[in-house]
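Q: Please take a close look at one part of the model below. I would like the pocket, with its lining and the features reported alongside it, in one connected account.

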Amino acid sequence: MDIRKSHNAIVEMAIADFVHCENIPDAVVESRRFKRLVKVCCLVGEDFVVPNRIKIGGELLDINY
């Protein structure tokens, strides 16, 4: 089996699992922002750390708005 097909299926299910389990509306996956998120996630290195809720609700919120 082509490894890319396998990886694509894994990512597809991870996205579906996240959307379903976190009770996020299905339509979010069609938004520009979600598509951009998925695209830029491919650029990070092994050392990337997901920001915690304090950073997202504080520093990053201030920068974003």
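A: The account below begins with the basis of the values and then turns to the pocket. This is a predicted model, in which local features need pLDDT of at least 70 and side-chain atom pairs count only at pLDDT 80 or more, while totals for chains, interfaces and linings use all residues. Residues are numbered from 1 along each chain as its sequence is written, and side-chain values use heavy atoms, with hydrogens and water left out.

The largest pocket holds about 1300 Å³ of space. A pocket here is an open set of points on a 1 Å grid over the protein atoms alone, where a 1.4 Å probe fits, with protein on both sides within 12 Å along at least five of seven lines; lining residues have an atom within 4 Å of a point. Grid points are joined across faces, edges and corners, and the volume is the space filled by probe spheres set on the points.

The lining comprises 25 residues, and Arg33, Phe34, Leu37, Val38 and Cys41 lie nearest the centre of the pocket. By class, 21 lining residues are nonpolar, one is polar and three are charged. In this scheme Ala, Val, Leu, Ile, Met, Phe, Trp, Tyr, Cys and Pro are nonpolar, Asp, Glu, Lys and Arg are charged, and the others, Gly among them, are polar. Helix 1 (3–21), helix 2, helix 3 (53–57) and helix 4 (59–64) each contribute at least two lining residues. Helix 2 gives the largest share, seven residues. Helices are DSSP runs (H or I, at least four residues), numbered from the N terminus.

Leucine 37 belongs to helix 2 (residues 32–41). Its relative accessible area is 45%, so leucine 37 is partly exposed (buried is under 20%, exposed over 50%, partly exposed in between, with a 1.4 Å probe and protein chains only).

The loop between helix 1 and helix 2 holds asparagine 23, exposed at 69% relative accessibility.
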